[in-house]
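Open the model in your viewer and keep the selection panel at hand.

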Amino acid sequence: MSIKVMIVDDHVLMREGVKQLLEFDGSIEVIAEAADGLECLECLKRVVPDVLLLDINMPNKNGIEVLEDIKKNDINVKVLILTVHNEVEYLLKAVDIGVNGYILKDSELAELKKAINHVNNGESYIQASLIPSLNSRLVNRDVDKEKIDSLTKRELEVLIQVANGMFNKEIAIILSISERTVKNHISNIFKKIDVSDRTQAAVFAIKNNLIQL
């Protein structure tokens with residue numbers, strides 16, 4: 001029995017090209033298409049694909065937002081992201097949400113079909129070239145978590161204010177402590193998270209989702 005696939009991509013030529021390639025030998029059937037995230041979610045109310053082939057960059061909800069909605073609403077479909085984005089942050093975000101697979105648009109057809117088959121069988125599939133950077137980022141994130149866990153509750157509050165661009169005097173007022181105490185906290189924070197200035201501290205906070213931009 002053929003695998004039922006839905007293609008979600010805002011480029012018509014991309015959808016048409018992928019559809020023709022996938023359906024060539026009859027093992028895969030494209031049962032639906034959508035041009036953006038909202039259309040995808042509406043379509044999933046009417047059709048039940050085995051695998052959703054999902055782009056990231058799209059209008060009216062991007063692929064990451066669609067993936068979040070699918071997981072939040074327990075929509076029963078396997079999701080394989082097909083994207084140009086090889087940056088590890090996109091992959092990490094998708095993995096955290098619970099994506100079934102992640103593959104780049106410059107892949108060969110054989111690998112795309114292999115990914116679809118793996119995902120359809122309940123296995124995860126991440127393009128081999130992306131795995132080293134993902135593993136490296138996961139290791140770094142574990143190290144960062146240890147650093148965050150070493151901060152006291154007050155130090156974490158101070159770090160968040162630093163990341164929000166507040167000066168020591170402002171932080172002192174917000175947290176009802178003295179400027180001297182703020183300086184001491186910042187000195188301890190810098191040592192614990194291994195940074196040397198406020199900019200690096202802010203980047204650390206943003207990278208680890210301590211504040212939202």
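Select Asp 9 and show what surrounds it: beyond its neighbours within four places in sequence, Asp 9 is in contact (heavy atoms within 4.5 Å) with Met 14, Arg 15, Ala 34, Ala 35, Asp 55, Met 58 and Lys 105. The model is predicted, with local features needing pLDDT of at least 70 and side-chain atom pairs pLDDT 80 or more, while totals for chains, interfaces and linings use all residues. Residues are numbered from 1 along each chain as its sequence is written, and side-chain values use heavy atoms, without hydrogens and water.

Asp 9 sits in the loop between β1 (3–8) and α1 (12–23); helices (H or I, at least four residues) and strands (E, at least two) are DSSP runs numbered from the N terminus. Asp 9 counts as buried because its relative accessibility is 3%, where buried means under 20% relative accessible area, exposed over 50% and partly exposed in between, with a 1.4 Å probe and protein chains only.

Next, select Ile 7, Val 8, Asp 9, Met 14, Val 18, Leu 53, Leu 54, Asp 55, Leu 82 and Lys 105, which line the largest cavity. Its volume is about 50 Å³. β1, α1 and β3 (51–54) each give at least two residues to this lining.

A cavity here is a set of points on a 1 Å grid over the protein atoms alone where a 1.4 Å probe fits but cannot get out, and lining residues have an atom within 4 Å of a point. Grid points are joined across faces, edges and corners, and the volume is the space filled by probe spheres set on them.

Finally, move to α7 (153–163), where Glu 155, Val 158, Leu 159, Gln 161, Val 162 and Ala 163 are buried.

Definitions and conventions
1 Å grid on protein atoms, 1.4 Å probe; cavity = no way out; pocket = protein on both sides within 12 Å on 5 of 7 lines; lining within 4 Å.
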